[in-house]
Amino acid sequence: MPDGLGLTRTHLCGHSYGAWLASRYALHAPQRIDRLALVDPTQVFAGFRPGYLLRALPSVLRPSESRARAFLSWETGGRPLDVTWRRLYALATTVPGRKLVVGGRPRAAELRMPVLVLLAGHSRTHDAAKVAAKARRSLPQAEVTILPEATHHSLPLAEPEELNDHLLRFLG
């Protein structure tokens with residue numbers, strides 16, 4: 001991954017599915033990752049809540065902008081989100097032929113680099129307290145923080161100052 005930029009080592013950060021991908025890459029090529037930041041990671045320390053999957057199912061089986069917007073509104077508890085970002089999210093769900101890379105849960109306990117885990121306190125994706133406990137057990141060296149007002153999908157946008165403060169301090 002850092003090859004295209006001419007880097008031999010880098011910091012890596014991912015949110016949600018991107019955190020799963022970042023974890024998998026960090027395990028695949030640990031010599032290339034200095035620091036790893038995982039923002040409300042899904043499928044890294046715990047699975048999805050069944051209710052979340054049931055709510056997501058209509059958007060997955062028959063994707064449409066309206067279903068995506070309704071799902072996003074449900075998950076964020078109706079929090080105000082950037083209109084352009086909401087539209088992009090909804091449009092992304094309707095891209096023809098889109099495929100997700102899937103696989104098993106990464107062996108997070110084998111991560112040896114410094115790791116930051118930021119969790120959304122109001123995430124409907126998973127139970128943040130349980131994920132935090134699992135992350136602390138798996139990675140005693142990790143810094144694990146719950147951002148109390150955030151939801152899984154609002155986290156990158158609704159409280160960017162708090163999120164960015166944590167990321168900047170950790171990633172330097």
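Asp and Glu count as negative here, Lys and Arg as positive, and His and the chain ends are not counted. A patch is built from residues with over 30% relative accessible area and no salt bridge; like charges are joined within 9 Å, and nonpolar side chains (Val, Leu, Ile, Met, Phe, Trp, Tyr) within 5 Å. Each charge is placed at NZ of Lys, CZ of Arg, CG of Asp or CD of Glu.

Before you click on, a word about what you're looking at. This is a predicted model, where local features need pLDDT of at least 70, side-chain atom pairs count only at pLDDT 80 or more, and totals for chains, interfaces and linings use all residues. Residues are numbered from 1 along each chain as its sequence is written, and side-chain values use heavy atoms, with hydrogens and water left out.

**Stop 1**

Zoom in on Glu 162, which sits in helix α7 (residues 160–171). Helices (H or I, at least four residues) and strands (E, at least two) are DSSP runs, numbered from the N terminus. Glu 162 is partly exposed, at 33% relative accessible area. On this tour, buried means under 20% relative accessible area, exposed means over 50%, and partly exposed is in between (1.4 Å probe, protein chains only). The areas come from the Shrake-Rupley method with a 1.4 Å probe, and for residues only the protein chains shown count as cover.

**Stop 2: the positive patch**

Now pick Arg 105, Lys 130, Lys 134 and Arg 137, a gathering of positive charge on the surface. Where is Arg 105? Look in the loop between α4 (83–92) and β3 (115–120). Arg 105 has a relative accessible area of 45%, so it goes down as partly exposed.

**Stop 3: salt bridges**

How many salt bridges does a search of the whole structure find? The count is six. The rule is a side-chain nitrogen of Lys or Arg within 4 Å of a carboxyl oxygen of Asp or Glu.

Select Arg 9 and Asp 34: they form a salt bridge, and their closest N and O atoms are 2.5 Å apart. Arg 9 is in the segment before β1 (10–15) and Asp 34 is in strand β2 (residues 33–39), so this pair ties together parts 25 residues apart in sequence. Both ends are partly exposed, Arg 9 at 36% and Asp 34 at 31%.

Next, show Asp 127 and Arg 49, a salt bridge whose closest N and O atoms are 3.9 Å apart. This one links distant parts of the chain, 78 residues apart: Asp 127 is in the loop between β3 and α5 (128–138), while Arg 49 is in the loop between β2 and α2 (50–61). Asp 127 is partly exposed at 26%, and Arg 49 is partly exposed at 34%.

Then go to Glu 65 and Arg 87, where the closest N and O atoms of the salt bridge are 2.9 Å apart. Glu 65 belongs to helix α3 (residues 65–75) and Arg 87 to helix α4, 22 residues apart.

**Stop 4: the core**

In soluble globular proteins, nonpolar side chains tend to be buried together. To see the largest nonpolar core here, with its 27 residues, select the ones with the most contacts inside it: Leu 36, Leu 38, Phe 45, Leu 111, Val 115 and Val 117. A nonpolar core is a set of buried Ala, Val, Leu, Ile, Met, Phe, Trp, Tyr and Cys residues joined through side-chain atoms within 4.5 Å. At least two core residues come from each of α1 (17–28), β2, β3 and α5. Which element gives the largest share? That's α1, with six residues.

**Stop 5**

Most residues other than glycine have a negative phi. Ser 16 isn't a glycine, yet its phi is positive, about 65°. You'll find Ser 16 in the loop between β1 and α1, where it counts as buried at 15% relative accessibility. Gln 43 also has a positive phi of about 65° without being a glycine. Gln 43 lies in the loop between β2 and α2, and it is partly exposed at 28%.
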